[in-house]
Structures are given as structure tokens and as C-alpha cells.
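Colleague: Let us go through this model one question at a time. I will ask, and you give the value or name.

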Amino acid sequence: MDFNLLENYFNSLDRSLFLDDNIKGYANLDSPLPIGFGQTISQPSLVLEMTRILKPEKKNKVLEIGTGSGYQTALLSYMAGAVYTVEIIPELSMKAKERLQTLGIMNVFYKIGDGSLGWMEHSPFDRIMVTAAAKKIPLELMDQLNVEGRMVIPVGDEYIQELQLVTKDINGEINIQMINLVRFVELVGKYGWSSFDDK
Ligand code: SAH
């Protein structure tokens with residue numbers, strides 16, 4: 001992946017385009033900001049770091065879980081061939097779609113639903129980016145990751161999570177690496193914290 005290309009695009013991308021009017025003035029802060037429905041747009045430096053770790057290539061098909069504002073989606077769509085993005089809150093998905101289409105971004109496919117189940121019809125994916133925190137790595141996502149694929153996912157409890165890099169080699173062997181400590185909003189659905197009773 002061309003890191004300079006990513007960084008130039010990141011620097012040129014106006015984050016305020018992904019924010020509601022009442023919050024646009026804070027766009028330049030390197031911090032998460034509210035996007036409604038109890039959700040947040042991630043901190044820009046973390047979005048950049050996670051994209052660097054994921055290493056999307058032009059030949060890659062990317063699955064993104066948690067479309068949110070569409071800000072991370074924009075970076076992924078610039079670096080990859082196609083992005084399949086899943087969001088569980090319909091209003092957020094529709095708003096992100098409208099914004100990205102206004103920017104002329106056409107290689108993104110949108111789905112409303114539980115992204116922890118992946119997007120079977122379009123699998124396998126060369127890259128998977130999860131932008132909400134799971135209690136465990138969803139098995140469905142492991143299965144839908146292509147050989148020689150990479151997945152970046154925050155795993156942990158509601159207070160703190162490990163940002164993990166999951167790689168699958170040419171033989172299908174999985175390796176998991178801990179990158180950093182992060183704090184994301186909950187991945188709701190089957191792999192969320194609230195839905196597990198084995199805490
Ligand atoms: N990448 C986004 C981050 C949004 S926060 C951005 O930069 O704006 C995480 C998002 O994940 C929220 O929009 C939340 O609604 C969504 N989400 C949570 N659980 C989900 C699930 N199971 N499937 C799909 N989306 C989910």
C-alpha cells in the first residue's frame with residue numbers, strides 16, 4: 001500500500017462533511033465526536049492508523065462493519081477496489097450513503113443490518129475493518145476473510161479494548177496480533193458485550 005497516497009488523501013479530506021451542522025465547528029479536533037443515535041465518528045489519527053494497519057490495496061474487496069458517518073469508508077474506498085459497508089442504524093447508513101455519493105464515491109456498497117454476521121453473498125473479503133468493539137472476534141468474519149487477508153478489530157469489554165490484527169495466510173492459518181489499546185462504541189448484535197451472558 002502507498003502510505004503517502006493515503007496520507008495525502010487523509011489530509012485533503014474535510015471531516016466536517018461527515019458531521020451534522022451543530023458539530024461541524026469541532027471537525028479539526030483529533031477526537032471522537034457525536035454523530036447521533038449514541039454513536040461517534042472516530043478520532044482521525046486512529047482512523048488513519050487503522051487504515052495503515054489494514055493495508056487495503058486497489059485489487060482488494062473490503063468489508064467494513066459500522067459505516068457510522070462514512071468517514072472511514074471514504075478512506076477505504078480511496079485505497080481499495082470496492083468497499084462493502086454494513087451499518088445497523090438505518091438513518092446513519094442512509095446519511096453516509098448520501099454524503100459519499102455527493103463526494104462522487106461510487107465503489108461503495110451499503111447494507112443495513114448486523115455486520116457481525118458479515119456479508120455472505122460478497123465474501124470472501126481481502127480486508128475487514130470493524131469500527132465497533134466486539135467481545136470476541138465474530139466467527140462469521142473469520143470465515144469470510146480471504147486467504148492472505150487482514151482484519152482489524154477492537155476486542156474487549158465496554159471500558160477498554162485491544163485493537164487486534166487478524167491475518168489469514170495462504171493455507172488458511174489464522175494469526176492474531178495485539179496492536180494497541182483503544183476505546184470504541186459497542187458492536188451490537190450477536191457479538192456485543194450486552195448480549196453475552198458468559199461475562
Ligand atoms: N467508522 C465510523 C465509526 C462509527 S461508530 C465513523 O468513522 O464514523 C460505530 C458504528 O458501528 C456505529 O454507527 C454503530 O451503529 C455501528 N454498529 C454497531 N454495531 C453494529 C453491528 N452489529 N453491525 C453494523 N454496525 C454496527
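**Ligand contacts and pockets**

Colleague: How far does a backbone N or O atom of Ile88 lie from a nitrogen atom of the ligand?

Modeller: This is a predicted model, in which local features need pLDDT of at least 70 and side-chain atom pairs count only at pLDDT 80 or more, while totals for chains, interfaces and linings use all residues. Residues are numbered from 1 along each chain as its sequence is written, and side-chain values use heavy atoms, with hydrogens and water left out. A polar contact is a pair of N or O atoms within 3.5 Å. For the backbone of Ile88 and a ligand nitrogen, the distance is 3.3 Å.

Colleague: What percentage of the ligand's accessible area does the protein cover?

Modeller: Accessible area comes from the Shrake-Rupley method with a 1.4 Å probe. On its own the ligand has 580 Å² of it.

Colleague: Which strands give two or more residues to the shell around the ligand?

Modeller: The shell has 24 residues, each with a heavy atom within 4 Å of the ligand. Strands are DSSP runs of E with at least two residues, and helices are runs of H or I with at least four. S2 gives the largest share, three residues. The elements asked for are strand S2 (39-41) and strand S4 (82-87).

Colleague: What is the volume of the largest pocket?

Modeller: A pocket is an open set of points on a 1 Å grid where a 1.4 Å probe fits, with protein on both sides within 12 Å along at least five of seven lines; its lining residues have an atom within 4 Å of a point. The ligand sits in the largest pocket, meaning that more than half of its atoms lie within 2 Å of the grid points. Lining that pocket are 37 residues, including Gln39 and Thr40. Its volume is about 520 Å³.

Colleague: How many residues in the lining of the second largest pocket are charged?

Modeller: This pocket has a volume of about 160 Å³, and Phe10, Asp14 and Arg15 are among its lining residues. Asp, Glu, Lys and Arg count as charged. The lining divides into six nonpolar, two polar and, as charged residues, three.

Terms used. Polar contact = N/O pair within 3.5 Å; in protein donor to acceptor, adjacent residues only side chain to side chain. Points joined across faces, edges and corners; volume = space filled by probe spheres on them.
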